[in-house]
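Here are my notes for you to read alongside the model. Take them one at a time and keep the 3D view open.

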Amino acid sequence: MRSNKTKLLIMLALVVVATLLYVFQDLNGSYHYALPRRLMKVLAMAITGIAIAYATVTFQTITHNRILTPSIMGIDSMYMLLQTLIIFTLGSAHIAAANSTVNFFISLVGMVGFALILYRFMFRKEGQPIFFLLLVGIIVGTLLGSLTTFLQVLIDPNEFMNVQDKMFASFNNVDVSLVWIALVIVVVTIAYGWTKMSELDVLSLGRDNARNLGVNYDGVVKTMLILSAILIATSTALVGPITFFGLIVANLAYQFFHTYKHSVLVTGAMLFSMIALIGGQWIVERVFTFSTTLSVIINFVGGIYFIYLLLRESRSS
Amino acid sequence: MISVKEISKVFGKKKVVDAVTVDIQPGKITSFIGPNGAGKSTLLSMVSRLMNADSGEVLLDASDVKTFKSNDFAQRVSILKQSNFMNVRLTIRELVAFGRFPYSKGRLTAEDEAKVDQAIEYMNLVEMQDSFLDELSGGQRQRAFIAMVIAQDTEYVLLDEPLNNLDMKHSVQIMKILRKLVDELGKTVVIVLHDINFASVYSDHIVALKDGRIVKDGPTNEIINTEALREIYDMDIPIQELDNCRICVYFNSK
(Lines give C-alpha, C1' and ligand atoms only; values in the text may rest on other atoms or scores of the structure.)
Protein backbone atom coordinates (compact mmCIF):
# COMPACT_ATOMS: atom_id res chain seq x y z
CA MET A 1 0.00 0.00 0.00
CA ARG A 2 2.79 2.39 0.88
CA SER A 3 4.50 1.71 -2.39
CA ASN A 4 1.33 2.68 -4.24
CA LYS A 5 1.29 5.95 -2.35
CA THR A 6 4.89 6.59 -3.34
CA LYS A 7 4.06 5.84 -6.96
CA LEU A 8 1.17 8.30 -6.87
CA LEU A 9 3.40 10.97 -5.34
CA ILE A 10 6.08 10.46 -7.98
CA MET A 11 3.46 10.76 -10.69
CA LEU A 12 2.07 13.89 -9.11
CA ALA A 13 5.57 15.34 -9.17
CA LEU A 14 5.82 14.47 -12.86
CA VAL A 15 2.53 16.24 -13.53
CA VAL A 16 3.84 19.32 -11.78
CA VAL A 17 7.11 19.20 -13.73
CA ALA A 18 5.28 18.80 -17.05
CA THR A 19 2.97 21.67 -16.18
CA LEU A 20 5.79 23.99 -15.14
CA LEU A 21 7.76 23.13 -18.27
CA TYR A 22 4.78 23.68 -20.48
CA VAL A 23 3.73 26.94 -18.90
CA PHE A 24 7.07 28.64 -18.27
CA GLN A 25 9.54 27.38 -20.86
CA ASP A 26 10.24 30.01 -23.54
CA LEU A 27 7.76 32.38 -21.98
CA ASN A 28 10.13 35.30 -22.65
CA GLY A 29 8.25 37.59 -20.33
CA SER A 30 5.02 37.36 -22.27
CA TYR A 31 2.90 37.43 -19.16
CA HIS A 32 -0.09 39.08 -20.71
CA TYR A 33 -0.36 37.16 -23.95
CA ALA A 34 1.17 33.70 -23.66
CA LEU A 35 0.77 32.97 -19.95
CA PRO A 36 -3.04 33.14 -19.68
CA ARG A 37 -3.41 31.18 -22.91
CA ARG A 38 -1.04 28.46 -21.77
CA LEU A 39 -2.74 28.25 -18.39
CA MET A 40 -6.09 27.88 -20.10
CA LYS A 41 -4.74 25.04 -22.25
CA VAL A 42 -3.31 23.29 -19.21
CA LEU A 43 -6.66 23.59 -17.48
CA ALA A 44 -8.43 22.18 -20.54
CA MET A 45 -6.01 19.27 -20.69
CA ALA A 46 -6.38 18.56 -16.99
CA ILE A 47 -10.17 18.54 -17.27
CA THR A 48 -10.08 16.25 -20.31
CA GLY A 49 -7.58 13.91 -18.75
CA ILE A 50 -9.43 13.62 -15.46
CA ALA A 51 -12.80 13.14 -17.13
CA ILE A 52 -11.57 10.45 -19.52
CA ALA A 53 -9.63 8.60 -16.83
CA TYR A 54 -12.52 8.51 -14.39
CA ALA A 55 -15.09 7.61 -17.04
CA THR A 56 -13.00 4.80 -18.50
CA VAL A 57 -12.00 3.08 -15.26
CA THR A 58 -15.53 3.13 -13.84
CA PHE A 59 -17.00 2.01 -17.18
CA GLN A 60 -14.62 -0.92 -17.34
CA THR A 61 -15.42 -1.96 -13.79
CA ILE A 62 -19.17 -2.00 -14.24
CA THR A 63 -18.93 -3.79 -17.58
CA HIS A 64 -16.36 -6.26 -16.18
CA ASN A 65 -13.87 -5.79 -18.98
CA ARG A 66 -10.60 -4.03 -19.56
CA ILE A 67 -10.71 -3.42 -23.28
CA LEU A 68 -13.89 -1.60 -24.10
CA THR A 69 -14.16 2.08 -23.35
CA PRO A 70 -17.07 4.46 -23.93
CA SER A 71 -15.14 6.01 -26.81
CA ILE A 72 -14.55 2.68 -28.51
CA MET A 73 -18.23 1.79 -28.03
CA GLY A 74 -19.18 4.51 -30.48
CA ILE A 75 -19.51 7.75 -28.53
CA ASP A 76 -16.79 9.30 -30.68
CA SER A 77 -18.54 8.29 -33.88
CA MET A 78 -21.75 9.73 -32.50
CA TYR A 79 -19.98 13.03 -31.89
CA MET A 80 -18.77 13.15 -35.48
CA LEU A 81 -22.21 12.32 -36.81
CA LEU A 82 -23.77 15.05 -34.68
CA GLN A 83 -21.28 17.66 -35.88
CA THR A 84 -21.73 16.67 -39.51
CA LEU A 85 -25.51 16.59 -39.18
CA ILE A 86 -25.60 20.06 -37.67
CA ILE A 87 -23.56 21.55 -40.49
CA PHE A 88 -25.30 19.49 -43.15
CA THR A 89 -28.83 20.44 -42.14
CA LEU A 90 -28.40 23.86 -40.58
CA GLY A 91 -25.20 25.16 -42.17
CA SER A 92 -22.04 26.42 -40.53
CA ALA A 93 -23.49 29.87 -40.00
CA HIS A 94 -26.34 28.57 -37.90
CA ILE A 95 -26.13 29.22 -34.18
CA ALA A 96 -25.85 25.47 -33.45
CA ALA A 97 -22.56 25.36 -35.32
CA ALA A 98 -21.20 28.86 -34.95
CA ASN A 99 -21.87 29.42 -31.26
CA SER A 100 -19.54 27.11 -29.41
CA THR A 101 -21.60 27.06 -26.21
CA VAL A 102 -24.76 26.02 -28.03
CA ASN A 103 -22.77 23.45 -30.00
CA PHE A 104 -21.24 22.16 -26.79
CA PHE A 105 -24.58 21.52 -25.15
CA ILE A 106 -26.12 19.96 -28.25
CA SER A 107 -23.18 17.55 -28.49
CA LEU A 108 -23.34 16.83 -24.77
CA VAL A 109 -27.03 15.98 -24.78
CA GLY A 110 -26.73 13.98 -28.00
CA MET A 111 -23.85 11.86 -26.78
CA VAL A 112 -25.24 11.20 -23.32
CA GLY A 113 -28.59 10.21 -24.85
CA PHE A 114 -26.87 7.93 -27.34
CA ALA A 115 -24.78 6.32 -24.62
CA LEU A 116 -27.77 5.61 -22.43
CA ILE A 117 -29.71 3.99 -25.26
CA LEU A 118 -26.67 1.92 -26.23
CA TYR A 119 -26.03 0.76 -22.66
CA ARG A 120 -29.67 -0.13 -22.22
CA PHE A 121 -29.52 -2.60 -25.06
CA MET A 122 -26.06 -3.95 -24.50
CA PHE A 123 -25.61 -4.38 -20.81
CA ARG A 124 -29.06 -5.50 -19.77
CA LYS A 125 -27.71 -9.01 -19.47
CA GLU A 126 -24.61 -9.60 -17.42
CA GLY A 127 -21.77 -11.73 -18.68
CA GLN A 128 -22.05 -11.00 -22.40
CA PRO A 129 -18.82 -12.17 -23.98
CA ILE A 130 -16.48 -9.26 -24.44
CA PHE A 131 -15.82 -10.00 -28.09
CA PHE A 132 -19.54 -9.85 -28.81
CA LEU A 133 -19.74 -6.43 -27.18
CA LEU A 134 -16.64 -5.28 -29.00
CA LEU A 135 -18.16 -6.40 -32.26
CA VAL A 136 -21.39 -4.53 -31.54
CA GLY A 137 -19.37 -1.44 -30.64
CA ILE A 138 -17.40 -1.62 -33.86
CA ILE A 139 -20.53 -2.17 -35.95
CA VAL A 140 -22.32 0.75 -34.33
CA GLY A 141 -19.20 2.86 -34.80
CA THR A 142 -18.90 1.85 -38.45
CA LEU A 143 -22.58 2.50 -39.08
CA LEU A 144 -22.38 5.99 -37.61
CA GLY A 145 -19.07 6.55 -39.40
CA SER A 146 -20.56 5.56 -42.75
CA LEU A 147 -23.53 7.85 -42.23
CA THR A 148 -21.10 10.63 -41.40
CA THR A 149 -19.03 9.99 -44.51
CA PHE A 150 -22.18 9.87 -46.62
CA LEU A 151 -23.24 13.28 -45.37
CA GLN A 152 -19.74 14.67 -45.75
CA VAL A 153 -19.61 13.61 -49.41
CA LEU A 154 -22.79 15.52 -50.12
CA ILE A 155 -21.80 18.58 -48.17
CA ASP A 156 -20.51 21.83 -49.67
CA PRO A 157 -16.65 21.71 -49.69
CA ASN A 158 -16.41 24.96 -47.74
CA GLU A 159 -18.75 23.62 -45.13
CA PHE A 160 -16.73 20.43 -45.00
CA MET A 161 -13.76 22.47 -43.77
CA ASN A 162 -15.82 23.30 -40.71
CA VAL A 163 -16.55 19.65 -40.05
CA GLN A 164 -12.93 18.75 -40.54
CA ASP A 165 -11.92 21.12 -37.77
CA LYS A 166 -13.95 19.06 -35.34
CA MET A 167 -12.63 15.69 -36.48
CA PHE A 168 -9.42 15.75 -34.49
CA ALA A 169 -9.05 16.56 -30.86
CA SER A 170 -7.08 19.71 -30.41
CA PHE A 171 -6.04 21.81 -27.50
CA ASN A 172 -4.82 24.63 -29.70
CA ASN A 173 -8.12 26.38 -30.11
CA VAL A 174 -10.10 25.51 -27.01
CA ASP A 175 -12.87 27.94 -26.27
CA VAL A 176 -12.28 29.68 -22.95
CA SER A 177 -15.94 29.95 -21.97
CA LEU A 178 -16.37 26.21 -22.55
CA VAL A 179 -13.46 25.36 -20.28
CA TRP A 180 -15.26 26.85 -17.30
CA ILE A 181 -18.54 25.11 -18.10
CA ALA A 182 -16.72 21.80 -18.54
CA LEU A 183 -14.82 22.36 -15.31
CA VAL A 184 -18.05 22.76 -13.36
CA ILE A 185 -19.62 19.66 -14.94
CA VAL A 186 -16.56 17.51 -14.36
CA VAL A 187 -15.98 18.64 -10.77
CA VAL A 188 -19.61 18.13 -9.77
CA THR A 189 -19.85 14.73 -11.49
CA ILE A 190 -16.63 13.39 -10.05
CA ALA A 191 -17.31 14.76 -6.57
CA TYR A 192 -20.57 12.82 -6.59
CA GLY A 193 -18.94 9.74 -8.12
CA TRP A 194 -16.18 9.73 -5.52
CA THR A 195 -18.68 8.89 -2.78
CA LYS A 196 -19.36 5.56 -4.57
CA MET A 197 -15.71 4.60 -4.79
CA SER A 198 -15.75 1.77 -2.25
CA GLU A 199 -18.95 0.35 -3.76
CA LEU A 200 -17.13 0.16 -7.08
CA ASP A 201 -14.51 -2.01 -5.38
CA VAL A 202 -17.25 -4.43 -4.38
CA LEU A 203 -18.78 -4.33 -7.86
CA SER A 204 -15.68 -5.97 -9.27
CA LEU A 205 -16.62 -9.13 -7.36
CA GLY A 206 -19.58 -9.62 -9.70
CA ARG A 207 -23.31 -9.06 -9.32
CA ASP A 208 -24.19 -11.82 -6.87
CA ASN A 209 -21.31 -11.16 -4.50
CA ALA A 210 -21.89 -7.42 -4.59
CA ARG A 211 -25.55 -7.85 -3.76
CA ASN A 212 -24.69 -10.30 -1.02
CA LEU A 213 -22.51 -7.59 0.51
CA GLY A 214 -25.39 -5.17 0.57
CA VAL A 215 -24.58 -3.11 -2.50
CA ASN A 216 -27.53 -2.02 -4.60
CA TYR A 217 -25.86 -3.40 -7.73
CA ASP A 218 -28.25 -2.30 -10.45
CA GLY A 219 -28.60 1.15 -8.92
CA VAL A 220 -24.85 1.72 -8.68
CA VAL A 221 -24.26 0.39 -12.21
CA LYS A 222 -26.89 2.71 -13.65
CA THR A 223 -25.55 5.75 -11.79
CA MET A 224 -22.00 4.99 -12.85
CA LEU A 225 -22.94 4.49 -16.50
CA ILE A 226 -24.68 7.86 -16.52
CA LEU A 227 -21.73 9.55 -14.80
CA SER A 228 -19.22 8.05 -17.22
CA ALA A 229 -21.39 9.03 -20.21
CA ILE A 230 -21.58 12.62 -18.98
CA LEU A 231 -17.83 12.80 -18.41
CA ILE A 232 -16.81 11.30 -21.74
CA ALA A 233 -19.33 13.50 -23.56
CA THR A 234 -18.03 16.59 -21.78
CA SER A 235 -14.44 15.93 -22.71
CA THR A 236 -15.29 15.06 -26.32
CA ALA A 237 -17.48 18.13 -26.72
CA LEU A 238 -14.68 20.24 -25.27
CA VAL A 239 -11.70 19.12 -27.36
CA GLY A 240 -12.94 16.48 -29.80
CA PRO A 241 -12.52 12.71 -29.95
CA ILE A 242 -9.37 11.01 -28.58
CA THR A 243 -10.59 7.47 -29.10
CA PHE A 244 -7.86 5.34 -27.56
CA PHE A 245 -6.76 7.65 -24.79
CA GLY A 246 -8.98 6.23 -22.05
CA LEU A 247 -7.87 2.72 -22.92
CA ILE A 248 -4.20 3.58 -22.49
CA VAL A 249 -4.45 5.40 -19.19
CA ALA A 250 -6.84 2.92 -17.60
CA ASN A 251 -4.72 -0.09 -18.52
CA LEU A 252 -1.51 1.63 -17.52
CA ALA A 253 -3.09 2.23 -14.13
CA TYR A 254 -4.12 -1.45 -13.78
CA GLN A 255 -0.64 -2.64 -14.70
CA PHE A 256 1.14 -0.09 -12.59
CA PHE A 257 -0.82 -0.30 -9.36
CA HIS A 258 -1.88 -3.96 -8.94
CA THR A 259 -4.82 -3.19 -6.70
CA TYR A 260 -8.57 -3.49 -6.73
CA LYS A 261 -8.99 -0.18 -4.91
CA HIS A 262 -10.65 2.33 -7.18
CA SER A 263 -9.50 5.31 -5.19
CA VAL A 264 -5.93 4.35 -6.18
CA LEU A 265 -6.72 3.14 -9.71
CA VAL A 266 -8.74 6.19 -10.67
CA THR A 267 -6.27 8.65 -9.16
CA GLY A 268 -3.44 6.84 -10.94
CA ALA A 269 -5.26 6.90 -14.27
CA MET A 270 -5.97 10.62 -13.83
CA LEU A 271 -2.30 11.37 -13.16
CA PHE A 272 -1.23 9.23 -16.13
CA SER A 273 -3.57 11.14 -18.41
CA MET A 274 -2.37 14.51 -17.21
CA ILE A 275 1.26 13.49 -17.71
CA ALA A 276 0.44 12.19 -21.20
CA LEU A 277 -1.59 15.21 -22.26
CA ILE A 278 0.46 18.03 -20.77
CA GLY A 279 3.80 16.34 -21.41
CA GLY A 280 2.65 15.30 -24.88
CA GLN A 281 1.46 18.77 -25.76
CA TRP A 282 4.80 20.15 -24.62
CA ILE A 283 6.57 17.75 -26.98
CA VAL A 284 4.20 18.59 -29.83
CA GLU A 285 4.68 22.33 -29.40
CA ARG A 286 8.35 22.58 -28.51
CA VAL A 287 9.89 19.50 -30.13
CA PHE A 288 7.74 18.93 -33.20
CA THR A 289 6.93 22.66 -33.37
CA PHE A 290 3.29 21.97 -34.22
CA SER A 291 4.12 19.77 -37.21
CA THR A 292 1.66 17.19 -35.80
CA THR A 293 -1.14 17.18 -33.24
CA LEU A 294 -1.28 15.46 -29.91
CA SER A 295 -4.35 13.41 -30.78
CA VAL A 296 -2.58 11.88 -33.77
CA ILE A 297 0.26 10.70 -31.56
CA ILE A 298 -2.10 9.43 -28.87
CA ASN A 299 -4.28 7.54 -31.30
CA PHE A 300 -1.22 6.04 -32.95
CA VAL A 301 0.30 4.83 -29.68
CA GLY A 302 -3.11 3.90 -28.24
CA GLY A 303 -4.12 1.92 -31.31
CA ILE A 304 -0.99 -0.20 -31.10
CA TYR A 305 -1.57 -0.75 -27.40
CA PHE A 306 -5.19 -1.74 -28.11
CA ILE A 307 -4.08 -4.40 -30.59
CA TYR A 308 -1.55 -5.66 -28.05
CA LEU A 309 -4.27 -5.97 -25.38
CA LEU A 310 -6.59 -7.81 -27.77
CA LEU A 311 -3.87 -10.26 -28.72
CA ARG A 312 -2.99 -10.88 -25.10
CA GLU A 313 -6.65 -11.39 -24.18
CA SER A 314 -7.23 -13.87 -26.99
CA ARG A 315 -4.18 -15.85 -26.00
CA SER A 316 -5.19 -16.10 -22.33
CA SER A 317 -8.79 -17.19 -22.91
CA MET B 1 -36.57 -17.24 11.49
CA ILE B 2 -36.94 -17.24 7.73
CA SER B 3 -40.33 -18.27 6.42
CA VAL B 4 -41.06 -18.65 2.74
CA LYS B 5 -44.72 -18.19 1.86
CA GLU B 6 -46.31 -19.28 -1.44
CA ILE B 7 -43.33 -18.11 -3.44
CA SER B 8 -43.23 -18.59 -7.25
CA LYS B 9 -40.87 -17.80 -10.08
CA VAL B 10 -41.57 -18.16 -13.79
CA PHE B 11 -38.90 -18.25 -16.50
CA GLY B 12 -40.54 -17.94 -19.88
CA LYS B 13 -43.43 -20.40 -19.67
CA LYS B 14 -41.88 -22.70 -17.11
CA LYS B 15 -42.77 -22.38 -13.45
CA VAL B 16 -39.35 -22.98 -11.93
CA VAL B 17 -40.58 -22.49 -8.39
CA ASP B 18 -44.26 -23.11 -7.87
CA ALA B 19 -45.98 -21.78 -4.73
CA VAL B 20 -43.35 -23.02 -2.31
CA THR B 21 -43.96 -22.61 1.41
CA VAL B 22 -41.21 -23.60 3.83
CA ASP B 23 -39.77 -22.55 7.18
CA ILE B 24 -36.02 -22.51 7.74
CA GLN B 25 -35.28 -23.92 11.20
CA PRO B 26 -32.90 -21.64 13.12
CA GLY B 27 -29.65 -23.09 14.44
CA LYS B 28 -29.67 -26.03 12.05
CA ILE B 29 -28.25 -27.13 8.73
CA THR B 30 -31.01 -27.40 6.18
CA SER B 31 -30.21 -29.05 2.86
CA PHE B 32 -32.16 -28.44 -0.33
CA ILE B 33 -32.03 -31.57 -2.43
CA GLY B 34 -33.74 -32.76 -5.59
CA PRO B 35 -33.12 -33.57 -9.25
CA ASN B 36 -31.61 -31.09 -11.70
CA GLY B 37 -33.96 -28.27 -12.55
CA ALA B 38 -36.06 -28.75 -9.44
CA GLY B 39 -35.71 -25.07 -8.55
CA LYS B 40 -33.34 -25.38 -5.58
CA SER B 41 -30.93 -22.64 -6.60
CA THR B 42 -33.73 -20.35 -7.72
CA LEU B 43 -35.44 -20.77 -4.36
CA LEU B 44 -32.20 -19.97 -2.57
CA SER B 45 -31.65 -16.89 -4.75
CA MET B 46 -35.11 -15.59 -3.90
CA VAL B 47 -34.66 -16.18 -0.19
CA SER B 48 -31.41 -14.20 -0.31
CA ARG B 49 -32.92 -11.41 -2.45
CA LEU B 50 -30.54 -12.03 -5.37
CA MET B 51 -33.68 -12.64 -7.39
CA ASN B 52 -37.15 -11.18 -7.03
CA ALA B 53 -40.07 -13.54 -6.65
CA ASP B 54 -42.95 -13.22 -9.12
CA SER B 55 -45.42 -13.84 -6.32
CA GLY B 56 -45.40 -14.76 -2.67
CA GLU B 57 -43.09 -13.44 0.01
CA VAL B 58 -40.08 -14.28 2.12
CA LEU B 59 -40.23 -13.24 5.76
CA LEU B 60 -37.23 -12.65 7.98
CA ASP B 61 -38.43 -12.44 11.58
CA ALA B 62 -41.96 -11.77 10.36
CA SER B 63 -41.12 -8.84 8.09
CA ASP B 64 -40.86 -9.05 4.32
CA VAL B 65 -37.23 -9.23 3.17
CA LYS B 66 -37.98 -6.58 0.52
CA THR B 67 -38.50 -4.01 3.27
CA PHE B 68 -34.95 -4.38 4.59
CA LYS B 69 -32.28 -1.93 3.52
CA SER B 70 -29.63 -3.71 1.39
CA ASN B 71 -27.01 -3.07 3.99
CA ASP B 72 -29.03 -4.22 7.00
CA PHE B 73 -30.03 -7.36 5.14
CA ALA B 74 -26.38 -8.06 4.30
CA GLN B 75 -25.60 -8.02 8.01
CA ARG B 76 -28.14 -10.77 8.67
CA VAL B 77 -28.21 -13.04 5.62
CA SER B 78 -25.31 -13.97 3.38
CA ILE B 79 -25.28 -16.05 0.21
CA LEU B 80 -22.58 -17.66 -1.83
CA LYS B 81 -23.39 -18.72 -5.40
CA GLN B 82 -21.63 -21.38 -7.44
CA SER B 83 -19.82 -19.34 -10.04
CA ASN B 84 -17.59 -16.57 -8.84
CA PHE B 85 -15.98 -15.05 -11.89
CA MET B 86 -13.92 -11.98 -11.19
CA ASN B 87 -12.02 -9.52 -13.25
CA VAL B 88 -9.68 -8.35 -10.52
CA ARG B 89 -6.71 -10.00 -8.92
CA LEU B 90 -7.24 -10.37 -5.17
CA THR B 91 -5.40 -12.10 -2.40
CA ILE B 92 -7.34 -14.35 -0.07
CA ARG B 93 -7.12 -11.78 2.68
CA GLU B 94 -8.42 -8.99 0.48
CA LEU B 95 -11.36 -11.15 -0.57
CA VAL B 96 -12.20 -12.12 2.99
CA ALA B 97 -11.98 -8.47 4.04
CA PHE B 98 -14.77 -7.72 1.56
CA GLY B 99 -17.00 -9.73 3.87
CA ARG B 100 -16.82 -6.80 6.28
CA PHE B 101 -18.15 -4.34 3.70
CA PRO B 102 -21.70 -4.21 5.11
CA TYR B 103 -20.21 -3.00 8.41
CA SER B 104 -17.24 -0.90 7.45
CA LYS B 105 -17.87 0.29 3.88
CA GLY B 106 -14.29 -0.51 2.95
CA ARG B 107 -12.58 1.18 5.90
CA LEU B 108 -11.64 -1.70 8.17
CA THR B 109 -11.65 -1.11 11.90
CA ALA B 110 -9.65 -3.17 14.39
CA GLU B 111 -12.77 -5.25 15.04
CA ASP B 112 -13.15 -5.91 11.32
CA GLU B 113 -9.53 -7.03 11.08
CA ALA B 114 -10.09 -9.39 14.00
CA LYS B 115 -13.14 -10.92 12.29
CA VAL B 116 -11.15 -11.34 9.09
CA ASP B 117 -8.35 -13.08 11.00
CA GLN B 118 -10.87 -15.36 12.66
CA ALA B 119 -12.55 -16.29 9.37
CA ILE B 120 -9.22 -17.04 7.72
CA GLU B 121 -8.19 -19.21 10.61
CA TYR B 122 -11.54 -20.98 10.61
CA MET B 123 -11.04 -22.02 6.99
CA ASN B 124 -7.39 -23.05 7.51
CA LEU B 125 -6.10 -20.41 5.15
CA VAL B 126 -3.64 -18.65 7.44
CA GLU B 127 -0.45 -19.66 5.61
CA MET B 128 -1.75 -18.81 2.19
CA GLN B 129 -3.71 -15.68 3.06
CA ASP B 130 -1.51 -13.49 0.90
CA SER B 131 -1.65 -15.71 -2.20
CA PHE B 132 -3.71 -14.57 -5.14
CA LEU B 133 -7.00 -16.33 -5.81
CA ASP B 134 -6.08 -17.24 -9.37
CA GLU B 135 -3.07 -19.18 -8.09
CA LEU B 136 -5.22 -21.46 -5.94
CA SER B 137 -6.86 -24.80 -6.59
CA GLY B 138 -10.65 -24.99 -6.84
CA GLY B 139 -10.95 -26.23 -3.26
CA GLN B 140 -8.79 -23.49 -1.82
CA ARG B 141 -10.68 -20.84 -3.74
CA GLN B 142 -14.00 -22.20 -2.54
CA ARG B 143 -12.70 -22.08 1.01
CA ALA B 144 -11.63 -18.47 0.52
CA PHE B 145 -15.12 -17.52 -0.61
CA ILE B 146 -16.67 -19.32 2.34
CA ALA B 147 -14.24 -17.45 4.60
CA MET B 148 -15.59 -14.20 3.14
CA VAL B 149 -19.12 -15.25 4.06
CA ILE B 150 -17.96 -16.21 7.55
CA ALA B 151 -16.33 -12.80 7.98
CA GLN B 152 -19.66 -11.29 7.00
CA ASP B 153 -20.85 -12.81 10.29
CA THR B 154 -24.54 -13.22 9.53
CA GLU B 155 -27.09 -15.32 11.40
CA TYR B 156 -28.05 -17.01 8.15
CA VAL B 157 -25.52 -18.48 5.75
CA LEU B 158 -26.88 -19.65 2.39
CA LEU B 159 -24.66 -21.69 0.09
CA ASP B 160 -25.46 -22.77 -3.45
CA GLU B 161 -23.72 -26.07 -4.18
CA PRO B 162 -20.50 -25.27 -2.30
CA LEU B 163 -19.15 -28.77 -3.03
CA ASN B 164 -19.34 -28.36 -6.78
CA ASN B 165 -16.08 -29.49 -8.43
CA LEU B 166 -14.46 -30.38 -5.14
CA ASP B 167 -12.75 -33.66 -4.42
CA MET B 168 -13.80 -35.87 -1.50
CA LYS B 169 -11.27 -34.52 0.96
CA HIS B 170 -12.22 -30.89 0.42
CA SER B 171 -15.93 -31.67 0.38
CA VAL B 172 -15.66 -33.33 3.78
CA GLN B 173 -13.54 -30.48 5.09
CA ILE B 174 -16.12 -27.90 4.05
CA MET B 175 -19.07 -29.84 5.42
CA LYS B 176 -17.28 -30.24 8.74
CA ILE B 177 -16.68 -26.51 8.91
CA LEU B 178 -20.35 -25.81 8.18
CA ARG B 179 -21.26 -28.20 10.95
CA LYS B 180 -18.94 -26.26 13.28
CA LEU B 181 -20.53 -22.97 12.25
CA VAL B 182 -23.87 -24.31 13.40
CA ASP B 183 -22.74 -26.19 16.50
CA GLU B 184 -20.20 -23.70 17.84
CA LEU B 185 -21.30 -20.31 16.54
CA GLY B 186 -25.03 -20.94 16.45
CA LYS B 187 -25.47 -19.98 12.78
CA THR B 188 -28.25 -21.19 10.55
CA VAL B 189 -26.94 -22.80 7.37
CA VAL B 190 -28.99 -23.48 4.27
CA ILE B 191 -27.23 -25.39 1.55
CA VAL B 192 -28.08 -26.71 -1.90
CA LEU B 193 -26.55 -30.16 -2.29
CA HIS B 194 -26.32 -32.63 -5.13
CA ASP B 195 -24.77 -35.48 -3.23
CA ILE B 196 -27.55 -37.07 -1.22
CA ASN B 197 -25.07 -38.74 1.12
CA PHE B 198 -23.55 -35.44 2.24
CA ALA B 199 -27.07 -34.25 2.94
CA SER B 200 -27.79 -37.41 4.89
CA VAL B 201 -24.64 -37.34 7.01
CA TYR B 202 -24.32 -33.63 7.77
CA SER B 203 -27.73 -31.98 7.73
CA ASP B 204 -30.36 -31.73 10.45
CA HIS B 205 -33.21 -31.02 8.14
CA ILE B 206 -33.89 -31.76 4.49
CA VAL B 207 -36.19 -30.00 2.06
CA ALA B 208 -36.69 -31.96 -1.16
CA LEU B 209 -37.87 -30.23 -4.31
CA LYS B 210 -39.09 -31.61 -7.60
CA ASP B 211 -40.44 -29.63 -10.56
CA GLY B 212 -40.58 -26.45 -8.51
CA ARG B 213 -42.60 -27.94 -5.68
CA ILE B 214 -41.68 -29.26 -2.28
CA VAL B 215 -42.20 -33.01 -2.14
CA LYS B 216 -40.67 -33.68 1.27
CA ASP B 217 -39.78 -31.45 4.18
CA GLY B 218 -38.63 -32.90 7.47
CA PRO B 219 -35.81 -34.02 9.75
CA THR B 220 -33.06 -35.90 7.93
CA ASN B 221 -33.98 -39.38 9.21
CA GLU B 222 -37.53 -38.99 7.88
CA ILE B 223 -36.32 -38.20 4.38
CA ILE B 224 -33.47 -40.64 3.99
CA ASN B 225 -35.48 -43.81 3.41
CA THR B 226 -36.28 -45.73 0.30
CA GLU B 227 -39.94 -44.67 -0.01
CA ALA B 228 -39.34 -40.95 0.40
CA LEU B 229 -36.38 -41.00 -2.00
CA ARG B 230 -38.47 -42.83 -4.60
CA GLU B 231 -40.90 -39.93 -4.55
CA ILE B 232 -38.12 -37.39 -4.95
CA TYR B 233 -35.85 -39.04 -7.48
CA ASP B 234 -38.03 -41.74 -9.10
CA MET B 235 -35.37 -44.27 -8.18
CA ASP B 236 -35.35 -47.24 -5.83
CA ILE B 237 -32.48 -46.45 -3.53
CA PRO B 238 -31.43 -48.96 -0.86
CA ILE B 239 -30.20 -47.43 2.39
CA GLN B 240 -27.27 -48.90 4.33
CA GLU B 241 -26.44 -47.96 7.87
CA LEU B 242 -22.71 -47.58 8.51
CA ASP B 243 -21.20 -46.05 11.68
CA ASN B 244 -24.51 -44.31 12.47
CA CYS B 245 -24.59 -42.77 9.00
CA ARG B 246 -27.33 -43.61 6.57
CA ILE B 247 -25.79 -44.07 3.19
CA CYS B 248 -27.84 -44.16 0.01
CA VAL B 249 -26.44 -46.75 -2.37
CA TYR B 250 -27.88 -45.36 -5.60
CA PHE B 251 -25.22 -46.48 -8.05
CA ASN B 252 -27.07 -49.62 -9.21
CA SER B 253 -30.62 -48.36 -8.81
CA LYS B 254 -33.23 -48.54 -11.50
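1. Ground rules. This is a predicted model, in which local features need pLDDT of at least 70 and side-chain atom pairs count only at pLDDT 80 or more, while totals for chains, interfaces and linings use all residues. Residues are numbered from 1 along each chain as its sequence is written, and chains are lettered from A and ligands numbered from 1 in the order in which they are written.

2. Overall build. Chain B has 10 helices and 12 strands (DSSP runs numbered from the N terminus: H or I of at least four residues for helices, E of at least two for strands). Its radius of gyration, taken over C-alpha atoms, is 18 Å, which agrees with the value near 18 Å for a compact globule of 254 residues (the rule is 2.2 Å times the number of residues to the power 0.38). The C-alpha trace of chain B spans about 55 × 40 × 35 Å along its principal axes.

3. The record. UniProt, in an unreviewed entry, lists residues 2-236 of chain B as "domain: ABC transporter"; such annotations may be inferred rather than shown by experiment. That stretch is 38% helix and 26% strand.

4. The sheet. Look for six strands of chain B in an open, mixed sheet, ordered β6-β7-β8-β3-β9-β10 (two strands pair if DSSP finds at least two bridges between them). β6 and β10 of chain B each have a single partner strand, so one side of each lacks a neighbour in the sheet.

5. Two pairings to find. β6(B) runs parallel to β7(B) over four bridges, with V77(B) opposite Y156(B). β3(B) and β9(B) are also parallel and joined by four bridges; there, T30(B) faces H205(B).

6. Is β6(B) buried or exposed on its two faces? Both are covered: V77(B) and I79(B) on one side, and S78(B) and L80(B) on the other, are all buried (20 or more other C-beta atoms within 10 Å of a residue's own, with C-beta atoms placed from the backbone). Buried residues make up 42% of chain B.

7. The contact between chains. Chain A gives 16 residues and chain B gives 20 (contact means C-beta atoms, placed from the backbone, within 7 Å). On the chain A side, α10(A) supplies the largest share, four residues.

Note on methods. Buried ≥ 20, exposed ≤ 12 C-beta atoms within 10 Å, placed from the backbone. Contact = placed C-beta atoms within 7 Å.
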